[in-house]
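Welcome! Let us walk through this structure together, one group of side chains at a time.

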Amino acid sequence: MKRFRRPRLRIWQWLLLAPFAIAAFAVLQVLILRVVPPFTSAFMIASDVPVRYDWVPWQRIAPVAGLAMVAAEDQKFPEHWGFDFEAIDKALDHNKRSRRMRGASTISQQTAKNLFLWSGRSYVRKGLEVGYTLLIETFWPKRRVLEMYLNIAQFGPGVYGVEAAAQIYFHKPAARLSRSEAALLAAVLPNPVRLRVDRPSAYVLGRANQIEDQMQALGSDYLADLH
């Protein structure tokens with residue numbers, strides 16, 4: 001009797017299927033993390049120091065913490081779909097004229113990068129960041145995006161998430177953070193390794209004061225309608 005062999009997929013067929021498999025895997029990741037807290041993140045895995053990370057749900061985070069991050073990082077967060085094109089245009093114009101590079105990443109983009117990707121600059125990483133940003137904006141409510149960001153953002157060497165930061169720097173849970181403490185945490189986000197919460201420089205203290213002013217301008221109810 002003749003044996004019938006299954007036709008083997010050729011290399012070009014695998015190459016055609018690979019993007020669909022990668023996209024399906026990314027969608028599955030995002031759907032799962034809509035309801036399940038991550039046990040780690042890409043940035044935590046890459047950390048070269050011991051990691052402190054304690055996930056807390058939205059209800060156990062002081063509202064001023066979310067407001068401080070939005071005031072400092074992305075004031076259009078409630079309205080945009082993952083990208084602030086006005087900020088991108090301004091950053092591109094600034095970077096043409098200055099050696100000091102300015103970014104324009106939204107909280108959604110930073111969440112995508114910190115959770116799924118690696119640090120550094122490359123077109124591949126940026127392309128994946130755009131893809132993951134679109135996915136989380138499509139499948140997650142805004143509140144989930146901000147909840148995730150608050151829980152995985154880095155606030156110091158090996159310190160990830162607002163709960164760990166509150167416990168380490170202020171000896172209290174994230175639910176009891178004050179406005180000034182939340183602003184101080186947000187002030188180190190541009191570079192949480194060089195900028196310190198526990199030993200704030202004059203620059204960090206000045207930035208924290210500016211963030212408090214922005215929080216006041218936005219109002220305590222600015223994020224009340226997030227869902």
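R125 and E129 are both buried, a word used here for under 20% relative accessible area, with exposed meaning over 50% and partly exposed in between (1.4 Å probe, protein chains only). The two form a salt bridge, their closest N and O atoms 2.9 Å apart; the term stands for a side-chain nitrogen of Lys or Arg within 4 Å of a carboxyl oxygen of Asp or Glu. Because they are four residues apart in helix α6, about one helical turn separates R125 and E129.

A word on the source: this is a predicted model, in which local features need pLDDT of at least 70 and side-chain atom pairs count only at pLDDT 80 or more, while totals for chains, interfaces and linings use all residues. Residues are numbered from 1 along each chain as its sequence is written, and side-chain values use heavy atoms, leaving out hydrogens and water.

E129 also meets K126 in a salt bridge (3.1 Å, N to O). Here E129 has a relative accessible area of 1%, whereas K126 is partly exposed at 34%.

The structure holds one aromatic pair. F116 and Y132 are stacked, 4.2 Å centre to centre with 10 degrees between the planes; rings of Phe, Tyr and Trp (its six-membered ring) pair if their centres lie within 6.5 Å, and planes under 30 degrees apart count as stacked, over 60 as edge-to-face and the rest as tilted. F116 belongs to helix α5 and Y132 to helix α6.

Technical notes: Helix = DSSP H or I, 4+ residues; strand = E, 2+ residues; numbered from the N terminus.
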